[in-house]
Amino acid sequence: MADVTIIYCRPCGYEKRAKDAAAALRQHLTLEPSLVPGKGGIFQVKVGDRIVASRSKGHFPGTDEIVAAVTSAWR
């Protein structure tokens, strides 16, 4: 199983979103993602080296969307 990483922009205030996504992944998939602070407006969820969910054009993936994307990436 590949590692799951959530990269978020700390200066933008995305840490709460990252922690909420991590909590959802723990609850639904019993895994512990790594939280990695970044900058420049980044919000990405990666399975291994593959980006499975990200912020784009103002859209943030919700926790259900993130759980579904991570689940799909494992199949």
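Modeller: Helices (H or I, at least four residues) and strands (E, at least two) are DSSP runs, numbered from the N terminus. This is a predicted model, in which local features need pLDDT of at least 70 and side-chain atom pairs count only at pLDDT 80 or more, while totals for chains, interfaces and linings use all residues. Residues are numbered from 1 along each chain as its sequence is written, and side-chain values use heavy atoms, with hydrogens and water left out.

Biologist: In which strand does Gln44 lie?

Modeller: Gln44 is in contact with Thr5, Ile6, Ile7, Ile51, Ala53 and Ser54, leaving aside neighbours within four places in sequence; contact means heavy atoms within 4.5 Å. The strand that holds Gln44 spans residues 43–47 and is E3.

Biologist: Does Gln44 count as buried or exposed?

Modeller: Buried means under 20% relative accessible area, exposed over 50%, and partly exposed in between (1.4 Å probe, protein chains only). Gln44 has a relative accessibility of 19%, and therefore counts as buried.

Biologist: Thr5 is in strand E1 (residues 4–9). Which residues does Thr5 touch, not counting residues up to four places away in sequence?

Modeller: Thr5 has a relative accessible area of 17%, so this residue is buried. Beyond four places in sequence, Thr5 touches Ser34, Val36, Gln44, Val45 and Lys46.

Biologist: Which residues does Val47 touch, not counting residues up to four places away in sequence?

Modeller: Val47 has its place in strand E3 and is buried, because its relative accessibility is 9%. Val47 and Ala18, 29 residues apart in sequence, are 15 Å apart in space, C-alpha to C-alpha. With residues up to four places away set aside, Val47 touches Ala2, Asp3, Val4, Val52, Val70, Ala73 and Trp74.

Biologist: At what angle do helix H1 and helix H2 pack?

Modeller: H1 covers residues 15–29 and H2 covers residues 63–74, and their axes are 9 Å apart. Axes are lines fitted to C-alpha atoms, for helices over the stretch in contact, and angles run from 0 to 180 degrees between N-to-C directions. The angle between H1 and H2 is about 55°.

Biologist: What is the orientation of H1 and H2 to each other, and what is the hand of their crossing?

Modeller: Angles under 35 degrees count as roughly parallel, over 145 as roughly antiparallel, 65 to 115 as roughly perpendicular and the rest as oblique. H1 and H2 are therefore oblique. A crossing is left-handed if the near helix is turned anticlockwise from the far one by less than a right angle, and right-handed if clockwise. That of H1 and H2 is right-handed.

Biologist: What residues by class make up the contact of H1 with H2?

Modeller: Asp20, Ala21, Ala24, Leu25, His28 and Leu29 in H1 meet Thr63, Ile66, Val67, Val70, Thr71 and Trp74 in H2. Ala, Val, Leu, Ile, Met, Phe, Trp, Tyr, Cys and Pro count as nonpolar, Asp, Glu, Lys and Arg as charged, and the others, Gly among them, as polar. By class, the contact of H1 with H2 has eight nonpolar, three polar and one charged residues.

Biologist: How many disulfides does the structure hold?

Modeller: A disulfide is a pair of cysteine sulfur atoms within 2.5 Å. Cys9 is buried, as its relative accessibility is 1%, while Cys12 is partly exposed at 39%. The number of disulfides in the structure is zero.

Biologist: How far apart in space are Lys39 and Cys9, C-alpha to C-alpha?

Modeller: Lys39 is in the loop between E2 and E3 and is exposed, because its relative accessible area is 69%. Lys39 touches Cys9 and Pro11, not counting residues up to four places away in sequence. Lys39 and Cys9 are 30 residues apart in sequence, and their C-alpha separation is 4.3 Å.

Biologist: What is the phi of Thr30?

Modeller: Most residues other than glycine have a negative phi. Thr30 is in the loop between H1 and strand E2 (34–38), and is exposed with a relative accessible area of 70%. The phi of Thr30 is positive, near 45°.

Biologist: What distance separates the C-alpha atoms of Ser72 and Gly58?

Modeller: Ser72 is in helix H2 and is partly exposed, because its relative accessibility is 49%. Ser72 and Gly58 are 14 residues apart along the chain, and their C-alpha atoms are separated by 23 Å.
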